[in-house]
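Biologist: I've got a model open and I'd like to learn how to read it feature by feature. Could you walk me through it?

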Amino acid sequence: MRLKYVLNEVLVGLWRNVTMTVAMIITMSVSLTMLGASVLLYMQVDQMKNYYYGEIEVSIFLRTDVTDGQRQQIDSAISSNPLVANQTYETREQALERFKTLWKDSPEFVNSVGPNSLPESFRVKLKNPETYKTFTDQMKGMQGIQDIIDQRALLDKVFNIFNAIQVGALVVAGVMALAALLLVGNTIQVAAYSKRREVAVMKLVGASNWFIQAPFVLEAVVAGLIGAILGFVALFVSKIVLFDNKLQALTTILTPIDNGNVWLMLPLLAGVGALVSAVTAWVTLRFYLKV
């Protein structure tokens, strides 16, 4: 009987303040969507780091006037280095063909590059990418070397951009979460005020605190769960519509987003939405109803 009463009061409360309930659900769903997006981005950046840092190479570009003896000496130094996992040599012709493949969508740019514009190079993969500086120090000063470039330095700049986007998403999620908390508190106050006489009577007849507070808290929890479900749907639809279809070309740069990671957001968002809503409602009632 008590459970039936509590559930009935929850439904009545949600419908009585339907406009504020809808506003609370929308705000909660937006904040939880941004939270889920930032968590997914964090997981994706970590996945990309593990993948790309395992594939990065050190490029040793040779001078245009390098001699056969210098080239062989560099090759021998790389081959005998214990830090090196494997190496490949790329001629100017091979570099040009790879350049044409990479920029095939920009024919004017490709035509502006001549056969002697790109230097020959050695592509070196280290056993441990962290030993780049040690390897570079060992190779520097050898005759015939023009420059040594670590691809990780370029990747760090890309990941810094992703990290900035992640921080931005978290900031937006925090602002929206604050707005959601204020709406939850305001909605609970209005609901409690509209039922102030009933609450007073219940206190007089000896109703327990949890019995008085339960409908209001559950009302906020239901709104939080609905917002979490809507946020999850927004994330899942965005993943399918954008990354699996319209932005599928980005998979050549970005590692694919695992569906399992997206589904993991459902319990996460539901837990956060329900917990935050319940705590906010309970604290509001403690101050407002003095129970």
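**Reading the model**

Modeller: Let's start inside: the largest nonpolar core has 23 residues, and Val184, Ile188, Val217, Met265 and Leu269 touch the most other members. A nonpolar core here is a set of buried Ala, Val, Leu, Ile, Met, Phe, Trp, Tyr and Cys residues joined through side-chain atoms within 4.5 Å. Buried means under 20% relative accessible area, exposed means over 50%, and partly exposed is in between (1.4 Å probe, protein chains only).

Biologist: Which elements give two or more residues to this core?

Modeller: They are helix 2 (18-53), helix 7 (151-194), helix 9 (209-246) and helix 10 (259-288). Helix 9 gives the most, with eight residues. Helices (H or I, at least four residues) and strands (E, at least two) are DSSP runs, numbered from the N terminus. Another core, of 15 residues, lies apart from this one and includes Leu62, Ile78, Val124 and Leu126.

Biologist: Back to Ile188: which residues is Ile188 in contact with, leaving aside its neighbours within four places in sequence?

Modeller: Contact means heavy atoms within 4.5 Å. By that test, Ile188 is in contact with Phe216, Ala220, Ala281, Thr284 and Leu285.

Biologist: Before I go on, what sort of model is this, and how is it numbered?

Modeller: This is a predicted model, where local features need pLDDT of at least 70, side-chain atom pairs count only at pLDDT 80 or more, and totals for chains, interfaces and linings use all residues. Residues are numbered from 1 along each chain as its sequence is written, and side-chain values use heavy atoms, with hydrogens and water left out.

Biologist: Where in the protein chain is confidence lowest, and where is it highest?

Modeller: pLDDT is the predictor's confidence in each residue, from 0 to 100. The protein chain averages 76, and 74% of the residues score at least 70. Confidence is lowest in helix 1 (residues 2-16), at a mean of 56, and highest in helix 3 (residues 68-79), at 89.

Biologist: And how many helices and strands are there in the protein chain?

Modeller: Ten helices and four strands. From the N terminus on, the elements run α-α-β-α-β-α-α-β-α-β-α-α-α-α. Of the 291 residues, 38% count as buried. Take the contacts between residues at least 6 apart in sequence: 86% of them join residues at least 24 apart.

Biologist: How do I read salt bridges?

Modeller: Side chains of opposite charge can pair when their charged atoms come close. The test for a salt bridge is a side-chain nitrogen of Lys or Arg within 4 Å of a carboxyl oxygen of Asp or Glu. A search of the whole structure finds five. One of them joins Arg71 and Asp68 (2.7 Å, N to O). Those two residues are about one helical turn from each other, because they are three residues apart in helix 3.

Biologist: Are Arg71 and Asp68 buried or exposed?

Modeller: Arg71 counts as buried, at 18% relative accessibility, whereas Asp68 is exposed at 53%. Arg71 also meets Glu120 in a salt bridge (2.9 Å, N to O). That pair links distant parts of the chain, 49 residues apart: Arg71 is in helix 3, and Glu120 is in the loop between helix 5 (107-111) and strand 3 (121-126). Glu120 is buried too, at 7% relative accessibility.

Biologist: What does the salt bridge between Arg123 and Glu90 tie together?

Modeller: Their side chains meet at 3.1 Å, N to O. Arg123 lies in strand 3 and Glu90 in strand 2 (residues 84-90), so the pair ties together parts that are 33 residues apart in sequence. Arg123 is buried, with a relative accessible area of 13%, and Glu90 counts as buried at 9%.
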